[in-house]
Amino acid sequence: MNNKSLMSREPMQVWIGFQVFLFPFLSLTTPSGIGFSSLLFLLSALCVPRKSWAALSPHWREIRWVVAAFWFQFALAIVAVAVRPEAGLDYLDKPSRMLLGLSSMALVLLARPSPTALWWGVVAGSLAALPFVAWQRIVLQIERPGGFLNAITFGDLAMVLGLVALAAAIDYRHHTRKAVLAGVGALAGLAACMLTGTRGAWIALALAALLFLSYAQLLRSRKVRLLLAGSFTLVAAAFFVPATGMQERALQGVDDVQTWVDGGNVFTNVGTRLELWKGATILIEERPLFGLDRNTVRAEIRRLVEQGTLDPAILSLEHLHNDALQALATGGVFGLLSWIGILAAPFVFFARQMGRVSLDRGGQATRFAPALAGMLVVLCYFSFGLTEVIFWSLKGSMFYALMVFLLMGFCLAARPGETKVEPRGN
């Protein structure tokens, strides 16, 4: 490749790399950082539409199922609005924006920025999130701080940033200073999550531990073993520190379950969830194939409360606090397939990328960390959805789509021997 071509590509690489950095950095510490980043990616791709499509097309065979999963979600929303006009056009908002997140992958494949931009954006985002939420918890005395988001969503996304930073530290395992800084970012993300008191995110740690153990080659490096041991030891130790409230909330959760089973007070965090899940199963049994629109689901929940089947304590809650049940109740079997698709298709993609690389080959190892990070992101969202509708939030949904598409782009861009496609014109 001649110097002239390299110089003509550099501004695009810098610009897209800057956008990649901004996305995770702004996600938790600004009120609209995620939306701003998604719009910036889309506008940048629209400036060079032909080049963006040309960058994607060579990889279509590998990405087609992931794209199909997001398309199916969007198509299902269109059908829902057509069949149930009362649902409103805003029903299309999240699925359309998530699908348009594909623009971020196109730009990564077009400009080929270094994954370093994403790694340092994630680390910076984690390091910025910790003092932000600590200030709310310690200075403002907010019991469940959440920055500009609710406490659960903030804690969940902080967990994602922490685990992706951990993947970045593994990527830098041969560079001590970079690995240490990325490791500090990982610990900051985990600590920020703990300060929010979000219990659902703890499940993600268990799944992440299983993922790390399933890839034994990770543990060959002494630095990686120390990093993983330090991260999980910190969380375990924090459980026994009263100031973190982790032990108290865990024991409270067990007590809430027992109270609900015994027919006692429902007005607890766990009790209301169990009561909602009871109501969800009733609605799903009545309409298993197509489900009901969101407004009708709430109306039916109210009806069940008025009949005395459910406790009135759940009336103030917007959703069913479980992604699978929410998908079934509002979309039936097709809604459940849509939810499974946007999780399973990316997970399979990243798992295949992991299976094709070797840490002993420098050219292929660059794909390992993005693939590992991608699997961690999907596992996190699956675990969050067990006790929360993480895809209810537009910010939570867009964060997932952008992170998945960016990491897919970095996996594909790291393929040895592949170069960026630059057709003439826009």
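**Charged pairs, core and surface**

Mentor: Start with arginine 303, which counts as partly exposed at 26% relative accessibility. Keep in mind that this is a predicted model.

Trainee: Which residue does arginine 303 form a salt bridge with?

Mentor: Glutamate 286, with the closest N and O atoms 3.9 Å apart. Arginine 303 sits in helix H14 and glutamate 286 in helix H13, so the pair ties together parts 17 residues apart in sequence. Glutamate 286 is partly exposed, at 45% relative accessibility.

Trainee: And which residues are joined into one network there?

Mentor: Glu286, Glu300 and Arg303, through salt bridges that share partners.

Trainee: How many salt bridges does the count come to?

Mentor: It comes to 4. One of them joins the side chains of glutamate 388 and arginine 273, at 4.0 Å from N to O. Glutamate 388 is in the loop between helix H16 (362-384) and helix H17 (394-413), and arginine 273 is in helix H13, so this pair links parts 115 residues apart in sequence.

Trainee: Is glutamate 388 buried or exposed?

Mentor: Glutamate 388 is buried, with a relative accessible area of 6%. Arginine 273 is buried too, at 14%.

Trainee: What about aspartate 93, what does it pair with?

Mentor: Aspartate 93 forms a salt bridge with arginine 97, and their closest N and O atoms are 2.9 Å apart. Both lie in helix H5 (residues 93-100), 4 residues apart, about one turn of the helix.

Trainee: Why would residues four places apart point the same way?

Mentor: An α-helix has 3.6 residues a turn, so residues three or four places apart point the same way. As for cover, aspartate 93 is partly exposed at 28% relative accessible area, and arginine 97 counts as partly exposed at 35%.

Trainee: Switching topic. How many helices and strands are in the protein chain?

Mentor: The protein chain has 17 helices and 0 strands. Of its 426 residues, 54% count as buried.

Trainee: What share of the contacts comes from residues 24 or more positions apart?

Mentor: Among contacts with a separation of 6 or more, such residues account for 76%.

Trainee: How many residues of helix H6 are buried?

Mentor: For H6 (residues 102-111) it is 10 of the 10, so the helix is largely enclosed by the rest of the structure. The buried residues include Ser103 and Ser104 as well as Met105 and Val108. Just after H6, arginine 112 takes a positive phi of about 55°.

Trainee: And helix H3, which of its residues are buried?

Mentor: In H3 (residues 49-56), Ser52, Ala54, Ala55 and Leu56 are buried. Their cover includes helix H2 (33-47), helix H4 (60-83) and H6.

Trainee: Okay, the core. Which residues touch the most other members of the largest one?

Mentor: Met159, Tyr381 and Tyr400, out of 104 residues in the largest nonpolar core. H17 gives the most to this core, with 15 residues.

Trainee: What is tyrosine 400 in contact with, leaving aside its neighbours within four places?

Mentor: Its contacts include Phe70, Met98, Ile342, Leu343 and Tyr381. There is also a second, separate core of 15 residues, with Leu292, Leu304, Leu325 and Leu328 among them.

Trainee: Where is phenylalanine 290 found?

Mentor: In the loop between helix H13 (269-286) and helix H14 (294-306). Phenylalanine 290 is partly exposed, with a relative accessible area of 48%.

Trainee: Last one. How many disulfides does a search of the whole structure find?

Mentor: It finds 0.

Terms used:
Residues numbered from 1 in each chain as written. Predicted model: local features only at pLDDT ≥ 70, side-chain atom pairs only at ≥ 80, totals over all residues. Heavy atoms only, no water. Helix = DSSP H or I, 4+ residues; strand = E, 2+ residues; numbered from the N terminus. Buried < 20%, exposed > 50% of the residue type's maximum accessible area, 1.4 Å probe, protein only. Disulfide = S-S within 2.5 Å. Contact = heavy atoms within 4.5 Å. Core = buried A, V, L, I, M, F, W, Y, C linked by side-chain atoms within 4.5 Å.
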